[in-house]
Amino acid sequence: MIIANWKMNGSKELIKEWIDFVSHNIEFNQAKECILCPPTCYLDYTGTLIKQSYNNVKLGSQHCDSALSAPLTGGINSQMLEDAGCEFVIIGHSEQRIHLKESNQILSDKLKSSIEMNLNPIFCVGESLQQKEANQTNDILAQQLDTLPSNLLHECIIAYEPVWAIGTGKNADISYIEEIHTFIKEKLKNKSDSTNYISVVYGGSVNLVNCKEIYSSDKVDGLLIGGASLDSDTFTKIYNIS
Ligand code: PEP
């Protein structure tokens, strides 16, 4: 799967142009899902476009609150996301962990509530530069993965996103990615009560130059792309050569 995370970027016009271009130019392969995560305010618009004519693109949300019902100004729940046509939701992105101070309990509740609404959570994990330099990467990842309820684990997609690689232009090199993905997959195997395959995707400064090498590793099941996903032509090329 190739996931476009638009963060706080875009407009209706850009979404329409992107989805039209991508949908007509990707060499679509059922086994390689193409997922667009626009800002929350455009989910309904994007969901309607996809439903009308672009069925090779799937919709994901960048945000979801944990409760189905709470007096929460600005809140959006998994039921609303499902109603808007979402099939995926990003949970635990480092930008939200840091800025919204999301606790493990909140993340676990978000995971449960999104799975209840048949959404596929894309659960992000990753270490900061400071943690990497202090040789704490595996401990940090293990703690983050422990947030996942073991009976729901096989419903999740894991995104390994080293915080130091996000938006910096410095992607992790392939041997490091393979080492970490192997660790994550091993940890999930021990934790899960199901033998179902759990996908682990990589995110962090993926671009046209590095995408092929990263995606072609048998330890990598997909790419989560921020900055390089905004341009429809670049994203299409990344999809097609990966
Ligand atoms: C992201 O936001 O999840 C991300 C990976 O961003 P970028 O590709 O810009 O590093």
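Analyst: A crossing of two helices is right-handed if the near helix is turned clockwise from the far one by less than a right angle, and left-handed if anticlockwise; helices here are DSSP runs (H or I, at least four residues), numbered from the N terminus. The model is predicted, so local features need pLDDT of at least 70 and side-chain atom pairs count only at pLDDT 80 or more, while totals for chains, interfaces and linings use all residues. Residues are numbered from 1 along each chain as its sequence is written, and side-chain values use heavy atoms, with hydrogens and water left out.

User: What is the handedness of the crossing of α1 and α10?
Analyst: Helix α1 (residues 12-25) packs against helix α10 (residues 232-241) at about 30°, with the axes 9 Å apart; axes are lines fitted to C-alpha atoms over the stretch in contact, and angles run from 0 to 180 degrees between N-to-C directions. The two are therefore roughly parallel, a word kept for angles under 35 degrees, with over 145 roughly antiparallel, 65 to 115 roughly perpendicular and the rest oblique. The crossing of α1 and α10 is right-handed.

User: How does α7 lie relative to α8, and what is the word for it?
Analyst: Helix α7 (residues 137-145) and helix α8 (residues 174-191) pack at about 40°, their axes 11 Å apart. That angle makes α7, relative to α8, oblique.

User: Which residue has a backbone N or O atom 2.7 Å from an oxygen atom of the ligand?
Analyst: Residues near the ligand (a heavy atom within 4 Å) number 14, and among those that come nearest are Lys7 and Gly226. A ligand oxygen is 2.8 Å from a side-chain N or O atom of Lys7, and one is 2.8 Å from a polar backbone atom of Gly226. The residue with a backbone N or O atom at 2.7 Å is Gly167.

User: How much of the ligand's exposed area does the protein bury?
Analyst: Accessible areas come from the Shrake-Rupley method with a 1.4 Å probe. Taken alone, the ligand exposes 290 Å², and the share buried by the protein is 95%.

How values were computed: Polar contact = N/O pair within 3.5 Å; in protein donor to acceptor, adjacent residues only side chain to side chain.
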